[in-house]
Amino acid sequence: MTTTQERSGVFVYAVVPHSFDLPEGLTGVDGAPIELVPYGAVAAVVGPMVAARSTGRRADLTAYSSVLDGLAARGAVAPMRFGTVVSDQDVLVDELLAPRMDELTRQLRELEGMTQYHLRATYVEEAVLMEITEADARVRRLREATRDLPEEACIAERVRLGELVTRSWERWANADADRILAELSVIVSAYRVRREPGLSAVMDVALLVEVQRAQELEDRLEAIAAEAHERLKFRLAGPMAAYDFVGSG
Amino acid sequence: MTLQAQSRGGGYLDRPSPSSLADVVEIILDKGIVIDAYVRVSLVGIELLTIDARIVIASVDTYLRFAEATNRLDLYQHGGKDLGEFIEDMQEGGSRGKVSGAVKGAKKALTSGREDDEDEDEDEDERPRRRRSSSSSSRRHASSR
């Protein structure tokens with residue numbers, strides 16, 4: 001790996017508490033072993049890589065992801081953004097660990113005992129269109145007026161119909177998302193809305209939950225999904241490192 | 001890490017195990033601690049083309065697609081056509097030259113949503129956005145080439 005002295009770089013995966021118990025045998029990008037760079041109360045998790053090449057490869061992302069999964073199973077971990085490579089460990093200390101140690105320490109303390117899930121909910125299209133049609137007389141009227149005509153004979157009416165339907169859809173998505181988040185807020189410690197409710201997804205949120213309450217969250221979501229299954233589909237990924245709850249953005 | 005999504009557990013909650021590549025891209029790509037660009041040797045050069053494959057649907061096409069779907073509802077007898085038949089019908093319609101532009105747009109939206117598990121099917125049309133107190137910034141997958 002270190003054949004060319006100037007070309008080698010340091011891939012930075014995460015920042016963890018100083019006393020972190022690194023899993024044995026964990027390898028990262030290019031199959032290289034990972035190690036800790038301790039500084040004060042924190043430590044960076046790094047691995048070597050050839051910096052000359054692009055780091056945006058699919059294999060790099062999966063390697064990064066599995067390192068983070070391995071770390072997250074051991075304790076508090078603040079992920080670095082994927083693709084962060086610095087020239088050497090001194091730069092890492094000078095530019096990240098030393099100047100931001102207080103912030104990093106605070107973040108890691110907040111993440112202690114926490115884990116993240118990613119929840120995505122989408123509508124069952126036909127069921128929701130049915131509800132919208134039944135609830136809105138204008139939709140029913142435009143539907144009756146356009147459904148048996150060729151599309152080119154009533155473009156304006158169809159656009160109006162679609163506009164009414166999509167507006168209702170978005171409004172309902174917001175209401176459903178609010179209702180479900182309210183129900184989850186008694187379990188989760190924090191959440192981040194990754195994408196506002198809309199046509200493509202009702203919910204796209206990251207949830208931060210205490211590890212001890214993770215099962216409770218999964219059970220609650222299973223119950224919510226079962227109850228709403230005729231109109232909503234839920235997808236839950238995790239537990240994972242708290243990607244959405246570190247950094248400023 | 002498993003690249004193919006495998007649902008675990010029973011019930012109605014879909015649990016990718018642990019996460020498909022699409023999930024990973026969606027979930028982690030633009031997250032995490034950022035350090036100033038000038039100290040980085042390199043930050044990506046992203047070749048993950050999947051994230052660039054998002055389809056932007058014009059509003060009118062979106063409206064027509066929803067109008068069409070609404071028109072196809074059978075209000076009195078549940079269990080209308082499934083999406084597959086819907087797409088076939090639209091292909092027939094397109095081949096007869098009826099408003100082929102709109103049909104093509106809608107078909108593209110539908111088929112992409114179907115094939116890609118809706119992950120790539122993001123409507124980037126401008127719709128009213130609500131603020132949320134705890135909202136994160138809107139996600140942006142700029143592939144910085």
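Predicted model: local features only at pLDDT ≥ 70, side-chain atom pairs only at ≥ 80, totals over all residues.
On the side of helix 4 of chain A, the contact is made by A:E125, A:V128, A:L129, A:E131, A:I132 and A:A135. Helix 6 of chain A contributes A:V165, A:S168, A:W169 and A:W172.

## A sheet with strands from chains A and B

Five strands form an open sheet of mixed pairing, in the order 7(A)-8(A)-6(A)-9(A)-1(B). At its edges stand strand 7 (190–193) of chain A and strand 1 (13–14) of chain B; each has a single partner strand, so one side of each is left without a neighbour in the sheet.

Strand 6 (residues 114–123) of chain A and strand 9 (residues 232–240) of chain A run antiparallel and are joined by seven bridges. In this pairing, A:R120 stands opposite A:R235 in strand 9 of chain A.

Strand 2 (residues 35–39) of chain A pairs with strand 3 (residues 42–50) of chain A in the antiparallel sense, over five bridges. A:V37 has A:A44 of strand 3 of chain A opposite it.

The two strands form a hairpin with two residues between them. A:G40, in the turn, has a positive phi of about 60°.

## The loop at A:P99

A:P99 is found in the loop between helix 2 (89–97) and helix 3 (101–111) of chain A. With a relative accessible area of 54%, A:P99 is exposed, the cut-off for this class being over 50%.

Apart from its neighbours within four places in sequence, A:P99 is in contact with A:V93 and A:D94. A:P99 and A:D219 are separated by 120 residues in sequence and by 42 Å in space, C-alpha to C-alpha.

## Confidence of the model

Chain A has a mean pLDDT of 91, and 94% of its residues reach 70 or more. Over residues 1–6 of chain A, however, pLDDT stays under 50. For residues 1–6 of chain A, the model has two contacts beyond four places in sequence.

Conventions
Residues numbered from 1 in each chain as written. Chains lettered and ligands numbered in written order. Heavy atoms only, no water. Contact = heavy atoms within 4.5 Å. Helix = DSSP H or I, 4+ residues; strand = E, 2+ residues; numbered from the N terminus. Pairing = 2+ DSSP bridges. pLDDT = per-residue confidence, 0-100. Buried < 20%, exposed > 50% of the residue type's maximum accessible area, 1.4 Å probe, protein only.
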